[in-house]
Amino acid sequence: MRLLRLTIACIIFGFITTVAVAWGLAAWLPQRNWPQQDLYRTNPVGMIHVAEYESAEATRRTISTIPLDGKPHLPFVCAIDQAPGINSVMSSSRMIPDDRWGFIPGQYGADSYASNRCEHATGWPLVAGWYGVTTLNAAYVIDGGVQLHSSRTGTLPTLNASKVRALPLRPIWTGLATNAAFYAIVWLGFAYGVSSVLRVKRRRHGMCVRCAYDLRGLRGEQPCPECGLPPPPAVYPRA
Ligand SMILES: [Zn+2]
């Protein structure tokens, strides 16, 4: 029963930790100099371009259609603040972006106009949540996320897209489950560590290992008068 309660508590803490890590990364991880990969594809309306920036803790990607006739409008061209000298890699190995999250993979695969869009996923060890950024009346608009103060006042084009931040509200189920299990195991290990240290300490001081009742002066074969824990023979120091 105790083990079940502890396991449930650790799963809940694992989930909370997963969300906290994803939000912390979304709020504070520097959006700068992440390796970039570009995917291009032509369709009847133009060339669709996806730029994917990936760090160990986050992925940000953008999509835009570069029309065959007409000027491209690219509000997310600086979605990540890249230092000069960071070169992007043209990808031929992957035909579409990771489609476990975001609307961009579907847009990239479609034979129609891809509206300008940016999507951002965070989490560790896997990305677990994401939000999108679109534009409206020359301003950035967050969808599926809680916009953060630092990006609230900015409008296009004075605000670099790399400054736009939000806390993700859309789940990435595989990442959410994997990370929650990972952190639950970490919490379980931590709880076991703390409880075994506590047991050793209580035993050494002649206390009941379960409830810390002072057992000194009791006969060795008596159970704990407080919680009824039966005594292992070697535990109690003889008075
Ligand atoms: Zn006790």
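## Exercises on strand β5

In β6, W130 is the bridge partner of A121. The model is predicted: local features need pLDDT of at least 70, side-chain atom pairs count only at pLDDT 80 or more, and totals for chains, interfaces and linings use all residues. Residues are numbered from 1 along each chain as its sequence is written.

**Exercise 1.** Find which strands pair with β5.

*Solution.* 
- Strands (E, at least two residues) and helices (H or I, at least four) are DSSP runs numbered from the N terminus. Two strands pair if DSSP finds at least two bridges between them.
- Take β3 (residues 58–67). It pairs with β5 in the antiparallel sense over 6 bridges. T59 has A121 of β5 as its bridge partner.
- Take β6 (residues 129–136). It runs antiparallel to β5, joined by 5 bridges.
- Check the hairpin of β5 and β6. It has 6 residues between the strands, and G123 takes a positive phi near 145 degrees.

**Exercise 2.** Decide whether β5 is enclosed or open.

*Solution.* 
- Apply the burial test. A residue is buried with 20 or more other C-beta atoms within 10 Å of its own, exposed with 12 or fewer, and partly exposed in between; C-beta atoms are placed from the backbone.
- Count. In β5 (residues 117–122), 6 of the 6 residues are buried, so the strand is largely enclosed by the rest of the structure.
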